[in-house]
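Q: I have just opened this entry and would like a short tour. Could we begin with one of the residues inside?

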Amino acid sequence: MAFFLRSPALISGLLVAILSLPVADPLPAAESAPAGAFSQSVAVASAGDEAMAEFYRARGYAPLWTGEGERFRARRQALFDSLGRAALHGLPVARHDTAELLAQMRDARDIRDLGAVEVALSRAFLRYARDLQSGILVPRQIDSGLVREVARPDPLVLLRGFATAESAAGFLAALAPATAEYRALMKARLDLETAIAAGGWGSGVPGGPTLRPGESGERVIALRNRLVAMGYMKRSASPTYDAALQEAVQRFQDRHGLAADGIAGPVTVTEVNVPMEQRLKSVLVALERERWLNMDRGERHILVNMTDYTTRIVDHGEVTFETRSVIGMNADGRRSPEFSDEMSHMVVNPTWYVPRSIVTQEYLPQLRRNPYAVSHLVITDSSGRQIDRRAVDFTQYTARNFPFSMREPPSQRNALGQVKFMFPNKYNIYLHDTPSKSLFNHDARAFSHGCIRLADPVDFAKALLAPQTDDPEGLFRSTLNTGRETRINIEPPVPVHLIYRTAFTDGRGSLEFRRDVYGRDARIWEALARAGVALPEVRG
């Protein structure tokens, strides 16, 4: 078939346009190559890649990158510009390095070589597009609690979309998450990298007793200097823990999920001393996590940030309801997983059907010692009939052969409280009330068996019901007062996202940090580092 590539001069001119470099040696005559050499080369180079092969086959092997004219030049320029900005997104530089591509283009000598260059450019485009749009890593390969299903882009859709895009640069830029959070994290990454290159935050605060307002000394000065460097207060030569320092400590505590009492105790000092490089790692991990969640989250959705111990309702980008949460404890089988689903209904006056793991690991040992233990729970057989505890010798059973189930009927002391919120999933995770209200007084709240407990479940229920009834308070209260287990559908269902962010920004764009409760972000960073994501060097 006929192409624009019909002479050595045209090939040479194209390569010069691509590289802005001279072609050192004359190219062999295109006419000396077999007919269809370019298409054959593209077909061979794309063999084994079904999407790419289909893309080129459907367009008659017409080039996407290696043609002449402004449209092709703009595509090449946009691709190389984007690859050169990979580090700005926290992507591995080596993975998107242009040196090998440039070398391959420089060494091209005939139409067959140019076909190989064509496919190489498409591969670089797809690799970059996939990484930017949906992340570098596969969550499940890093941690068993990372069960989030990441929506990977269809390579054929990407190639076809790029081929028809009015703006090549605009198409590539639109691949990144279009959220305010992603943009804020990008800025935070740049600010931290710039500061690290300039020397960081300086020395930390030496260990010692709690620092309180009114005290003075070298440790107070070190605390002041550190907070000045971090931007929490203006520079001052005062050696005293004065009101300005107390306010700065409170601001720091508030942005790190600590009780904002203005007293620099061991936990606060530990957080103050976290190196800037570690904070940058958290931001880079957060960027990757934001790419995993690059999806339509719903104009109204529920967002549970485990590390922040909060559950929020977000309407059109604004937080309209917020409550404190308890998450799964940091123990095998009890850590809350990360995933997205859709909340379809709530159950008022819920029955608690005790999970098998809790029955066998916690309650069976008690029953073996005393058959009347945990008397608030009903023990049932496989048909759901209540058994007579007096007629059972619990000592004969083990966790493996225990044949009974257990449930707790609706009551004021029910483990699920007055209401539970369901987004049916295979992990048996849901949001619910709890009678253990004192747990919400702690800064760190990882106490549950995996489900998310809410401090204000009734108000949460009313907020969810508000769009579907003129009287959410009346609907909920009248249902609750029946004392019967009752389902109320949420119409329409609301997306719910269980996330885990140790670095995020507030509504004003201020950067906040939380502790890595389950150690997941540390494992994600290790995987990112193995993939080639690197920190900047500190200026010596």
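Q: Is Phe125 buried or exposed?
A: This is a predicted model. In it, Phe125 has a relative accessibility of 0%, so the residue counts as buried.

Q: And what about the rings of Tyr232 and Phe252, how are they arranged?
A: Their centres are 5.4 Å apart and their planes stand at 75 degrees, so the pair is edge-to-face. Planes over 60 degrees apart fall in that class.

Q: Which parts does that pair tie together?
A: Tyr232 belongs to the loop between helix 10 (218-230) and helix 11 (243-254), while Phe252 is in helix 11, so the pair joins parts 20 residues apart in sequence.

Q: Are those two buried or exposed?
A: Tyr232 counts as buried because its relative accessibility is 10%. Phe252 is buried as well, with a relative accessible area of 1%.

Q: Back to Phe125: which cluster is it in?
A: Ring pairs link Phe125 with Trp65, Phe162 and Phe171.

Q: How many aromatic pairs are there in the structure?
A: The structure holds 16 of them. In the pair of Phe125 and Phe171, the ring centres lie 6.3 Å apart and the planes meet at 35 degrees, so this pair is tilted.

Q: New topic: where is Ser336?
A: Ser336 sits in the loop between strand 3 (318-328) and strand 4 (340-348). Its relative accessibility is 0%, so Ser336 counts as buried. Among the residues it touches are Met306, Cys451 and Tyr518.

Q: Lastly, how many helices and strands does the chain have?
A: The chain has 17 helices and 14 strands.

Key: Residues numbered from 1 in each chain as written. Predicted model: local features only at pLDDT ≥ 70, side-chain atom pairs only at ≥ 80, totals over all residues. Heavy atoms only, no water. Helix = DSSP H or I, 4+ residues; strand = E, 2+ residues; numbered from the N terminus. Buried < 20%, exposed > 50% of the residue type's maximum accessible area, 1.4 Å probe, protein only. Contact = heavy atoms within 4.5 Å. Phe/Tyr/Trp six-rings, centres within 6.5 Å; stacked < 30°, edge-to-face > 60°. Lists of a residue's contacts leave out its neighbours within four places in sequence.
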